[in-house]
Amino acid sequence: MSQDNRSVLALAGGVGGAKLAFGLSAVLPAEALTVAVNTADDFEHLGLSISPDLDTVMYTLAGVANPETGWGRRDESWNTMAALEQLGGETWFRLGDKDLATHIERTRRLRAGETLTTVTRDLAQRLGVKCAIVPMTDNPVRTVVTSDRGDLAFQDWFVRLRCEPAVERVRFTGADKARANPVLLDMAGLRGVIFCPSNPFVSVAPILAIPGVRTALQRTTTPRVAVTPIVRGQAIKGPAAKMLAELGHDVSALGVARYYKGLIDGFVLDQTDAGLKASIEDLGIKVLVADTMMRTDEDKRRLAVAALEFVDALARTLQHS
């Protein structure tokens, strides 16, 4: 792999995004990676500020994520939830005892006037994360799912109702007034931008909804690569395939590539979907066919190397176009 130490910007949210971010962090120098994370699924619960995507990325890069769920912390205990249930409190959103410490400390510092960027940086450093993890914005943005049961806050739809209501529309309240993290607006000099295999509609779209971000991506000459979150018509994890169908998209990697058209130069397609390569290339998007499954840490590193080599190959192509 090239020894290019220019920085890579990864857009991430959810378990798939965290896995590729881990792979990138394992093969890049710490100063050469910034992971910008969705915060539109943040919410207040039990009086605490919860940032599910930020924490999933942070725990994964710190090596303390629960390997079975992909979210929360490994070797977790649930004494607080058990006591809360006994008292008749809300337990539909499960928070382990170690995880609760993160939310308590984040809440305390936010209420003291610190920004989410500062708090996230410090928490990540204390857990041993070397690269930069930044929230997409310090301003509150919230995902609202319009469904066949009406408007639902994202965590109500995603966790409490287990994604069962059919999705008719997704919107991001507060996005129009939010200020993007600066790393999302100035992409000059980057080695590349990588859209991690996150849910396009509720992990990546909120980032794109912050004023200036979509335009910055459209105008940059930095290679932009998306890694598919869909393999053989199924999401590796989460409701992406269900949402593709309900929002009227083709339920395939091709549907994802169409969604990102105009924002990416390259698309990493799983080897089992190689038959879609020509159709995606017809969109004007270069395609790399690779094994995108990340079952082990070595898989995450292998896919990260493939994505970076694809970025570098696209850079050479763009220089000569």
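At 46% relative accessibility, D151 counts as partly exposed, a label for anything between buried (under 20% relative accessible area) and exposed (over 50%), taken with a 1.4 Å probe on protein chains only. Its salt-bridge partner is R171, also partly exposed, with a relative accessible area of 26%. The N to O distance for D151 and R171 is 3.1 Å; a salt bridge here is a side-chain nitrogen of Lys or Arg within 4 Å of a carboxyl oxygen of Asp or Glu. The two residues sit 20 residues apart and link distant parts of the chain, with D151 in strand β7 (residues 150-153) and R171 in strand β8 (residues 167-173). Helices (H or I, at least four residues) and strands (E, at least two) are DSSP runs, numbered from the N terminus.

A quick word on the model: it is predicted, with local features needing pLDDT of at least 70 and side-chain atom pairs counting only at pLDDT 80 or more, while totals for chains, interfaces and linings use all residues. Residues are numbered from 1 along each chain as its sequence is written, and side-chain values use heavy atoms, leaving out hydrogens and water.

Back to the charges: side chains of opposite charge can pair when their charged atoms come close. The structure holds 18 salt bridges. One of them joins E44 and R111 at 3.9 Å, N to O. That pair bridges 67 residues, from E44 in strand β3 (residues 43-45) to R111 in helix α4 (residues 97-111). E44 counts as exposed at 56% relative accessibility, and R111 does too, at 59%.

D312 and R191 are another pair, at 2.8 Å, N to O. They lie 121 residues apart, D312 in helix α12 (residues 297-319) and R191 in the loop between β8 and β9 (192-195). Both D312 and R191 are buried.

The largest cavity holds about 30 Å³, the volume being the space filled by probe spheres set on the points, joined across faces, edges and corners. Its lining consists of L54, D55, M58, R106, T120 and L123. Helices α2 (52-62) and α5 (116-126) each give two or more residues to that lining, and α2 gives the most, with 3.

How values were computed:
1 Å grid on protein atoms, 1.4 Å probe; cavity = no way out; pocket = protein on both sides within 12 Å on 5 of 7 lines; lining within 4 Å.
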